[in-house]
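These notes are for a colleague opening the model for the first time. Please read them with the structure in view.

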Amino acid sequence: MTTTFSLLFLPGDGIGPEVMREVKRVVSWVEAQGLARFRLDEDLVGGASFDVHGTPATEAMMQKALAADAVLFGAVGGPKWAGVPYDKRPEAALLRLRKDLGLFANLRPALCLDALKDSSSLKPEIVSGLDILIVRELTGGVYFGEPRGITTLGDGSRRAVDTQLYTTEEVRRIARVAFALARQRGNKVASAEKHNVMTSGVLWKEEVSFVHRTEFADVELSHILADNCAMQLVRNPKQFDVIVTDNLFGDILSDEAAMLTGSIGMLPSASLGARDAGTGKMRGLYEPIHGSAPDIAGENKANPIAAILSFAMALRYSFDLGTVAGRIEAAVGAVLDAGIRTGDIMQAGKTLVSTSGMGDQILKSLG
Ligand code: NAD
């Protein structure tokens with residue numbers, strides 16, 4: 001019997017609901033093909049939730065997210081909520097979800113589809129065929145370390161402190177995620193840190209090496225300084241398979257890697273938690289990396305591909321349906337090969353379509 005998976009949709013604000021509408025059509029296709037069954041639920045998040053409930057994340061929504069097998073998140077935020085109190089801003093919902101769901105691993109693939117190799121700012125031969133995965137530690141490091149804050153000194157000047165902090169277990173668990181994913185791909189991990197100038201980098205390097213030696217000796221491991229990694233990503237990105245790195249360096253390196261491939265409207269991401277020892281299930285939140293794009297919201301212009309590819313990641317990582325994910329990714333590739341484009345990836349001589357038009361074409365290609 002086909003398992004029924006529970007999926008929580010959180011479309012959010014701006015173009016979030018528009019791109020998620022197209023994702024729902026792909027979910028229906030998966031069901032209609034008999035490939036999986038889903039129990040769907042939906043709730044407000046971000047500014048949309050603030051407008052109705054006075055908070056960007058209600059307790060009821062959080063309970064649904066904790067109970068779901070996977071959460072599909074659109075985007076939150078926009079100028080409408082610029083004046084709301086800091087702890088009620090739309091983006092606070094995403095931070096709460098990451099924290100309460102324990103999503104410590106952020107996965108960002110940077111894949112260069114052949115049809116878009118000319119949209120990259122790098123030469124086509126450097127990015128053509130690119131397929132790398134950045135695994136970023138998401139809940140530790142300098143964004144969370146204590147002490148932090150700004151104090152005023154005796155002479156009236158101010159002093160700001162952030163603390164870069166990692167523990168053995170925090171490094172080991174993200175390293176395990178990276179090695180396990182590498183085994184399903186090119187079997188290579190590059191670990192990026194700054195052990196030459198940071199003690200947290202020394203610990204990071206030692207702990208990644210420990211996990212490698214004791215559990216994943218079959219995977220090829222290299223250590224690279226984070227600044228060199230940034231350089232190599234634009235010099236010769238195809239040397240990498242999986243890059244594992246901390247929260248701060250991951251924030252920067254994943255944005256850099258993502259942009260190698262062209263538009264922000266194309267890029268999916270996954271945030272994963274620990275695997276439950278009893279059920280074997282792993283919490284997951286899947287979202288396009290773009291924001292709510294207020295400048296084009298409500299105009300049926302947004303590219304839904306990042307959101308659709310995020311659903312494909314959910315199929316692969318939360319539901320173990322990599323083959324179905326592969327069919328969706330192939331359908332996206334075929335539509336782009338046929339010259340179909342939304343405005344953000346439009347090129348001369350190609351056919352411009354709307355958000356729903358792109359959804360139509362992807363469904364047609366899926367058959
Ligand atoms: P953005 O990603 O929303 O938009 C940047 C530019 O890219 C805009 O010109 C937009 O039109 C374009 N763009 C983005 N996604 C697109 C798509 N799918 N198709 C076509 N074009 C697309 O970033 P921003 O303008 O810096 O932020 C707008 C709002 O979104 C802010 O409130 C910000 O805080 C929020 N934001 C939310 C998230 C999230 O929900 N995860 C992420 C980033 C930004």
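1. The side chain of D241 reaches the backbone nitrogen of N187 at 3.1 Å. A polar atom of that D241 side chain also lies 2.9 Å from the backbone nitrogen of G186. A polar contact here is a pair of N or O atoms within 3.5 Å, one able to donate a hydrogen and the other to accept it; residues adjacent in sequence count only if both atoms are side-chain atoms.

2. The model is predicted: local features need pLDDT of at least 70, side-chain atom pairs count only at pLDDT 80 or more, and totals for chains, interfaces and linings use all residues. Residues are numbered from 1 along each chain as its sequence is written, and side-chain values use heavy atoms, without hydrogens and water.

3. D241 sits in the loop between α8 (226–235) and β10 (242–245); helices (H or I, at least four residues) and strands (E, at least two) are DSSP runs numbered from the N terminus. D241 is buried, at a relative accessible area of 8% (buried is under 20%, exposed over 50%, partly exposed in between, with a 1.4 Å probe and protein chains only). Leaving out residues up to four places away in sequence, D241 touches, among others, D131, I132, A182 and K188 (contact means heavy atoms within 4.5 Å).

4. Elsewhere, the axes of α6 (residues 168–183) and α7 (residues 199–215) come within 9 Å and cross at roughly 50°. Residues making this contact include F179 of α6 and W204 of α7.

Note on methods:
Axes are lines fitted to C-alpha atoms, for helices over the stretch in contact, and angles run from 0 to 180 degrees between N-to-C directions.
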